[in-house]
There are 2 protein chains.
Amino acid sequence: MSADQSANFARRMGQMRPSTIREILKVTAQPDVISFAGGLPAPELFPVAEVRAAADAVLTQYGSRALQYGPSEGFMPLREWIAEELVRRGLQATATEVMVTSGSQQVLDLVGKLFLDPGDVVLTENPTYLAAIQSFQTFEAKFVPVPTDADGLIPDALPALIRQHRPKFLYTIPNFQNPTGITLSAPRRAAVARIAAEHNLTVVEDDPYGKLRYRGADIPAIKHWDEAGRVLYVSTFSKTIAPGLRLGWIAAPADIMARLLILKQAADLHTSSFDQLVAHTYLTQNDPAAHLEKIRQAYGERYAVLDGALRAALPAGYSWTTPEGGMFLWVTGPENLDAMELLGRAIAQKVAFVPGRDFFPAGGGKNFLRLNYSNATPERIREGVRRLAALCRAG
Amino acid sequence: MSADQSANFARRMGQMRPSTIREILKVTAQPDVISFAGGLPAPELFPVAEVRAAADAVLTQYGSRALQYGPSEGFMPLREWIAEELVRRGLQATATEVMVTSGSQQVLDLVGKLFLDPGDVVLTENPTYLAAIQSFQTFEAKFVPVPTDADGLIPDALPALIRQHRPKFLYTIPNFQNPTGITLSAPRRAAVARIAAEHNLTVVEDDPYGKLRYRGADIPAIKHWDEAGRVLYVSTFSKTIAPGLRLGWIAAPADIMARLLILKQAADLHTSSFDQLVAHTYLTQNDPAAHLEKIRQAYGERYAVLDGALRAALPAGYSWTTPEGGMFLWVTGPENLDAMELLGRAIAQKVAFVPGRDFFPAGGGKNFLRLNYSNATPERIREGVRRLAALCRAG
């Protein structure tokens, strides 16, 4: 490697490192480890038989067309299905304002590529989704956290941050946030949309978990209140069908979409034709709402088991969030807790979690734990908490 | 959109525009248009029944694992299959040096992201692959063409260009190049590897068409001579199985691979688990070499039909390349030919091609045509050339 290339590499890769989560997942791949790490949906709830039938139907019905190059925007009937679903939920979007992507992670990459120059500021919740931090770091973004409480980010704090930092966009996960499980309240969503309009602030609304609500009432998306066209709404089939198909999407105003489309072409031409047709056939030949209900029930049960086990076993000085959906719960330990040190002892006892530190884009956060409850049975959740709580009491 | 964001957009999107090819493809989607445009493989040769059987087997054998998140590097048995195949062809690569990507187009995006800052120089053949130009333009690269003749790029020209421009890498398509169909000779491949080692030049060797040779003898890849670890070898299943699965790969030295892996995680986490498992099952449960032989025979026949029809019909002043494989043939018209103007008249006569202009990264090239012959039957090729030649004679 030549000297100037090495220097570029070093700068560009700067703070980037392989995801801590992925490193932990390698350790926890053994079946005897009870893992609250990772963010895997429950595989026993994947509609495997239905996907098999859909794959067969697609290759019978569409033949070679299912395997040919397709439009960069995505398979039109799937875009139409997505747009109709958004409209049912009170979001104004036409099929031409929807683009199918290779997972919602790809939207973060495309949005970063479109908006970010080195040193540009992104506003985020604090803590926020680790892979969003990593994606925007690729473009050498700076992160400015928005003050956050139990109802999500605090909109009143936005105007001063906008004036001071001139952020390129606000990145937010309003429903059952990753990593905290917190939900942004309805009045705050309306306020974010209003402030975005007043201050010309682009909002990237990432909603992978919105359909996984197991208690309480649905709250409309920020984009529901977005009359000014400032909100890019992002979601995925990873949690409602299966993540291995890598199907996400973005709904965005036409001027933004035209630019994202050019970047999508350059990034991978288009998302798998086969996976798009399989998903569309699955969605239209089955009852995806009934399937979702099963997922919600299972996750709600697992959340209740985890919450109950934590109440029974964690020592004083620990508290945690009470999510109404999604896959994660967020534990705050005593101020002197070092969650990385705890993780070392936990892995020795065959239980794992993700230390909260890496979710704080501006540093700090060493006394937090993220616990995933979607990917373990109630029995294993109880046993895992027993092991973890013993370590917390010993520590 | 705020003023500073608009300015950024304008600069960033600079010379970028939706692919001319894709715009032409929209016009030529009607079945009565005979299209030499696009770069579609022959869909009637896709192994549809075999893919259907593979999809069924994958969901039966792997169950939910085929639909779960997977490693960013790709499905290990598929990486092993690719590495073994590379070794058989004289390229040194282990499975850990292979990463599966969302089409080979994604490699261009990841490589651009890793190496390129605004204003950085990429050396390319002249003309070169349009979507590579677009991908590297995303990172605001500059292009410096390497002098090229009937045996491909001229290695002797490289040292002076390296000293003058300090390019971040050389991008080359040695086999049946897109758009020209030209093949880089064996001595020149060895010379490129030697010069790359001497000058610390990274070489991105893009080889989507190498297995589509229908006459002449295979030539080892540049990477075959790459003892210094300067060559990143890129290929795809798009032309040997089907493009709709969006499966490409890169083989690269470990230090480069470690960095590309972080960028891959940030870009889309990983490539479709389902498509990777389907491809691996297809490759191991069938005879892909026999299937390739069918493709080669068909493309060789179509090339011969196209070449013969051009000889019979094109007026004086036109010449064209004589590819030994791949999907494209390159026509040089009279100096005063305006291929864009010809295209307008051609579409009115229900025949289409791609004007060569957009393949020249440094401008020029208005009297060239790219003709694809993989996606039309011999009969339609003959009729298409009749229509096109009449226009050339009239023009």
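Modeller: In H3(B), the buried residues are B:Glu50, B:Val51, B:Arg52, B:Ala54, B:Ala55, B:Val58 and B:Leu59. Please keep in mind that this is a predicted model.

Colleague: What do the buried residues of H3(B) pack against?

Modeller: They pack against H3 of chain A together with H10 of chain B.

Colleague: And how many residues does H3(B) have?

Modeller: H3(B) has 14 residues, and the span from its first C-alpha to its last is 20 Å, close to the 20 Å expected at 1.5 Å a residue. Just after H3(B) comes B:Gly63, with a positive phi of about 55°.

Colleague: Turning to chain A, which residues of H3(A) are buried?

Modeller: In H3(A), the buried residues are A:Glu50, A:Val51, A:Arg52, A:Ala54, A:Ala55, A:Val58 and A:Leu59. They pack against helix H10 (273-285) of chain A and also against helix H3 (48-61) of chain B.

Colleague: What follows H3(A)?

Modeller: H3(A) is followed by A:Gly63, whose phi is positive, near 55°. The helix itself covers residues 48-61 of chain A and reaches 20 Å from its first C-alpha to its last.

Colleague: Let us move to the chain contact. How many residues of chain B are in contact with chain A?

Modeller: There are 59 residues of chain B in contact with 59 residues of chain A. On the chain B side, at least two residues each come from helix H1 (3-13), H3, helix H5 (103-115), helix H6 (130-137), helix H9 (254-268) and helix H10 (273-285).

Colleague: Which helix gives the most?

Modeller: H9(B) gives the most to the side of chain B that touches chain A, with eight residues. By class, the residues of that side divide into 24 nonpolar, 21 polar and 14 charged.

Colleague: How does H9(B) cross H5(A)?

Modeller: The axes of helix H5 (residues 103-115) of chain A and H9(B) come within 5 Å and cross at roughly 105°. That angle makes H5(A) roughly perpendicular to H9(B).

Colleague: Which residues meet there?

Modeller: From H5(A), A:Gly103, A:Gln105, A:Gln106 and A:Asp109 meet B:Ala266, B:Ala267 and B:Asp268 of H9(B). The contact of H5(A) with H9(B) has two nonpolar, three polar and two charged residues.

Colleague: Within chain A, at what angle do H4(A) and H10(A) cross?

Modeller: The axes of helix H4 (residues 76-88) of chain A and H10(A) cross at roughly 45° and come within 9 Å. H4(A) and H10(A) are therefore oblique to each other, and their crossing is left-handed. On the H4(A) side the contact is made by A:Pro77, A:Leu78 and A:Trp81, and on the H10(A) side by A:Gln276, A:Ala279, A:His280 and A:Leu283.

Colleague: How many of those are charged?

Modeller: The contact of H4(A) with H10(A) has no charged residues, with five nonpolar and two polar.

Colleague: Now the loops. Where is A:Gly356 found?

Modeller: A:Gly356 is in the loop between strand E14 (354-355) and strand E15 (368-372) of chain A.

Colleague: Why does A:Gly356 count as buried?

Modeller: A:Gly356 is buried because 25 other C-beta atoms lie within 10 Å, and the cut-off for buried is 20 or more. Leaving out residues up to four places away in sequence, A:Gly356 touches A:Pro127, A:Pro179, A:Ala339, A:Gly365, A:Phe368, A:Leu369 and A:Arg370.

Colleague: What sort of peptide bond joins B:Asn126 and B:Pro127?

Modeller: A cis peptide bond joins B:Asn126 and B:Pro127, with omega about 10°. B:Pro127 is in the loop between strand E3 (121-124) and H6 of chain B. The bond from B:Asn178 to B:Pro179 is also cis, with omega near 20°. B:Pro179 is in the loop between strand E7 (169-172) and helix H8 (186-199) of chain B.

Colleague: One last topic: what is the phi of A:Phe176, and is the residue buried or exposed?

Modeller: A:Phe176 has a positive phi of about 50° although it is not a glycine. A:Phe176 counts as buried, because it has 26 C-beta neighbours inside 10 Å.

Colleague: And what is phi of B:Arg166?

Modeller: Phi of B:Arg166 is near 45°, a positive value in a residue other than glycine. B:Arg166 lies in the loop between helix H7 (158-165) and E7 of chain B, and with 14 C-beta neighbours inside 10 Å B:Arg166 counts as partly exposed.

Methods
Residues numbered from 1 in each chain as written. Chains lettered and ligands numbered in written order. Predicted model: local features only at pLDDT ≥ 70, side-chain atom pairs only at ≥ 80, totals over all residues. Helix = DSSP H or I, 4+ residues; strand = E, 2+ residues; numbered from the N terminus. Expected span 1.5 Å × (residues − 1). Buried ≥ 20, exposed ≤ 12 C-beta atoms within 10 Å, placed from the backbone. Contact = placed C-beta atoms within 7 Å. Axes fitted to C-alpha atoms, helices over the stretch in contact; angles between N-to-C directions. Parallel < 35°, antiparallel > 145°, perpendicular 65-115°, else oblique. Left-handed = near helix turned anticlockwise from the far one by under 90°. Nonpolar A, V, L, I, M, F, W, Y, C, P; charged D, E, K, R; others polar.
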